[in-house]
Amino acid sequence: MAMLRILMRLAVTTMLLGSAMATNYTVGDPNGGWQQSGDLQAWAASKTFFVGDNLIFAYAPSHSVLEVTKAGFDSCQITSPIAIYTGGMTVITLASVGKRYFICGTGGHCSVGGMKLEISTLPKASPAKPATPPTATPTTPPPSTPTTPPPSTPKMGFGFVVMLMLLL
């Protein structure tokens, strides 16, 4: 019985979080990675990044990830970075709208090897609204007596779902 409750809670949680999940982008994949052989700018140009998404940098110990300013990016300047990441695996959550700049901190890898990445982060994507069908113009005037609106259908809100999870 306890296992069933756990599974039900996981299913409900998954449904609630499914639409709010961020996208994980492994930088440079599928044809490369955070390395000198890939075209990182072409990779970034083929993606759309939103607030909440994650950049996953996977790299060899001979590399690092430096977050830098626009000027540091343009000149491949490895001094005075905003942040330094090492260790072979770095996950950076895109928490705000705007441009971000990343370079490799190993000498020559940015300027000669092209290990630099500029991305633009957009506001969190909102669900698309369904298209409104065109309305037909009535050929007869509407009735002069007021009509009763249809009964409203109850909607299952977030609070209801949380209570359901607690009861399980």
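Predicted model: local features only at pLDDT ≥ 70, side-chain atom pairs only at ≥ 80, totals over all residues.
Residues are numbered from 1 along each chain as its sequence is written, and side-chain values use heavy atoms, with hydrogens and water left out.

Let's take the overall layout. The protein chain has four helices and eight strands; these are DSSP runs numbered from the N terminus, with helices (H or I) of at least four residues and strands (E) of at least two. Along the sequence they follow the pattern α-β-α-β-β-β-α-β-β-β-β-α. Of the 168 residues, 27% count as buried. By buried I mean under 20% relative accessible area, with exposed over 50% and partly exposed in between, using a 1.4 Å probe and protein chains only. A contact means heavy atoms within 4.5 Å, and among contacts between residues at least 6 apart in sequence, 71% join residues at least 24 apart.

Now for some backbone details. As a reminder, most residues other than glycine have a negative phi, and most peptide bonds are trans. Here, the peptide bond from Asp29 to Pro30 is cis, with omega near 5°. You can find Pro30 in the loop between strand E1 (24–26) and helix H2 (40–45). Ser80, in the loop between H3 and E5, has a positive phi of about 60° although it is not a glycine. Ser80 is exposed, at 70% relative accessibility. Cys76 also has a positive phi, about 55°, but Cys76 counts as buried, at 16% relative accessibility.

That brings us to the cysteines. Which residue does the disulfide join to Cys76? The partner is Cys110, with S to S at 2.0 Å; the cut-off for a disulfide is a pair of cysteine sulfur atoms within 2.5 Å. The structure holds one disulfide. Cys76 lies in the loop between H3 and E5 and Cys110 in the loop between strand E7 (98–103) and strand E8 (116–122), so the pair ties together parts that are 34 residues apart in sequence. The torsion about their S-S bond is about -65°, so the disulfide is left-handed. Both Cys76 and Cys110 are buried.

And why is Cys104 too far for a bond? Its sulfur is 8.2 Å from the closest cysteine sulfur, in Cys110. Cys104 is buried too, with a relative accessible area of 0%.

On to the aromatics. Rings of Phe, Tyr and Trp (its six-membered ring) pair if their centres lie within 6.5 Å; planes under 30 degrees apart count as stacked, over 60 as edge-to-face and the rest as tilted. A search of the whole structure finds six such pairs. In one of them, the rings of Trp43 and Phe49 have centres 5.9 Å apart and planes at 50°, so the pair is tilted. Trp43 and Phe49 are both buried. Phe57 and Phe102 also form a tilted pair, with centres 5.3 Å apart and planes at 55°. Phe57 sits in strand E3 (residues 54–58) and Phe102 in strand E7, so this pair ties together parts that are 45 residues apart in sequence. Ring pairs also link Tyr25, Trp43 and Phe49 into a cluster.
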